[in-house]
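This briefing is intended to be read alongside the sequence and the three-dimensional structure. Please keep both in view while working through the points below.

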Amino acid sequence: MYSTLLGIALAMAGVVAIGRLSQRIWPPPEGLSAASDRETLRQAVASMPVAALLTVAFAWIAGAFIGGLIAARLSRSGVPAYVVGGFVAFAAVSSMLAIPYPYWFWIVALVLVPAAAIAAGRIGSSSTRSDGSGRTAAP
C-alpha cells in the first residue's frame, strides 16, 4: 500500500513540475485563473500552441509511468502501477472536465495514460520470478 501512495505522490509531483515548466515556456494569458469562467478558459486553451498541450499530456503520461514504475518495483507487482495510473487518469479527466480541452486531447490522455501505467506495471514487476511465487529470482 505504501508503494502505491508513494507512486501516486511522485506521479502528481511530476505532473505539477512539468506543468509549471510548461507555464514558464508558454505563460497563460494575463489574469487567467482556474476561477475564470468556462468560455474564457476555452478561449485560452484554444489559443495555446499545440506544443504546450502536448507538454501537459506528456506530464500526465510521464507521471503515470514513473509513479507506476516506482510503485511496481517496490511492491514487486504490477497492481500498484495500475492504481497509480487510474489515479492519474482520474485527475486528468477531472482537469479536462474543468478546463475545456480539444477533443483530440481527451483521446490522447485516455489512451496513453492507462497505456503508460500498464507498461510501468509490466516493466516494474518483471524482476519477479515467472513461477508465480513472487520471490525475486536469484542472481
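In which helix is V83 found? V83 is found in helix α4. The model considered here is a predicted one. The protein chain contains five helices and zero strands, and from the N terminus on its elements follow the order α-α-α-α-α. The points below begin with the chain as a whole and then turn to particular residues.

**The chain as a whole**

- The protein chain has 139 residues, of which 34% count as buried.
- Its accessible surface comes to about 8100 Å², and 68% of that surface belongs to carbon and sulfur atoms.
- Among the contacts in the protein chain with a separation of 6 or more, 77% are between residues 24 or more positions apart.
- One example of two positions separated in sequence is A17 and G63: they are 46 residues apart along the chain, and their C-alpha atoms are 10.0 Å apart in space.
- A17 belongs to helix α1, and it counts as partly exposed because its relative accessibility is 47%.

- V79, Y82, V83 and I118 together make a nonpolar surface patch of about 330 Å².
- Helix α4, which spans residues 79-98, supplies the largest share of this patch, namely three residues.
- V83 has a relative accessibility of 41% and therefore counts as partly exposed.
- V83 is also one of the residues in contact with T4, when the neighbours of T4 within four places in sequence are left aside.

- T4 is located in helix α1, which covers residues 2-25.
- Is T4 buried or exposed? T4 is buried, because its relative accessible area is 14%, and the cut-off for a buried residue is under 20%.
- Apart from neighbours within four places in sequence, T4 is in contact with A71, P80, V83 and V84.

**Aromatic pairs**

- How many aromatic pairs does the structure hold? The structure holds four.
- In one of these pairs, the ring centres of W60 and Y101 are 6.2 Å apart and the ring planes stand at 70°, so the pair is edge-to-face.
- This pair links distant parts of the chain, since W60 is in helix α3 (residues 50-75) and Y101 is in the loop between α4 and α5 (103-124), 41 residues apart.
- W60 counts as buried because its relative accessibility is 7%, and Y101 is likewise buried because its relative accessible area is 13%.
- W60 also pairs with F105: their ring centres are 5.5 Å apart and their planes are at 65°, so this pair is edge-to-face.
- W60 lies in helix α3 and F105 in helix α5, so the pair ties together parts of the chain that are 45 residues apart in sequence.
- F105 counts as buried because its relative accessibility is 0%.
- Ring pairs join W60, Y101, W104 and F105 into a cluster.

- Which residues of helix α2 (residues 38-47) are buried? The buried residues are L41, A44 and V45.

- Side chains of opposite charge can pair when their charged atoms come close.
- A search of the whole structure finds one salt bridge.
- The salt bridge is formed by E39 and R42, with their closest N and O atoms 2.6 Å apart.
- Both E39 and R42 lie in helix α2, three residues apart, which is about one turn of the helix.
- An α-helix has 3.6 residues a turn, so residues three or four places apart point the same way.
- E39 counts as partly exposed because its relative accessibility is 38%, and R42 counts as partly exposed because its relative accessibility is 38%.

Technical notes:
Residues numbered from 1 in each chain as written. Predicted model: local features only at pLDDT ≥ 70, side-chain atom pairs only at ≥ 80, totals over all residues. Heavy atoms only, no water. Patch = residues over 30% accessible without salt bridge, like charges linked within 9 Å, V, L, I, M, F, W, Y side chains within 5 Å. Areas by Shrake-Rupley, 256 points an atom, 1.4 Å probe, with all protein chains shown as cover. Salt bridge = Lys/Arg side-chain N within 4 Å of Asp/Glu carboxyl O. Helix = DSSP H or I, 4+ residues; strand = E, 2+ residues; numbered from the N terminus. Buried < 20%, exposed > 50% of the residue type's maximum accessible area, 1.4 Å probe, protein only. Phe/Tyr/Trp six-rings, centres within 6.5 Å; stacked < 30°, edge-to-face > 60°. Contact = heavy atoms within 4.5 Å.
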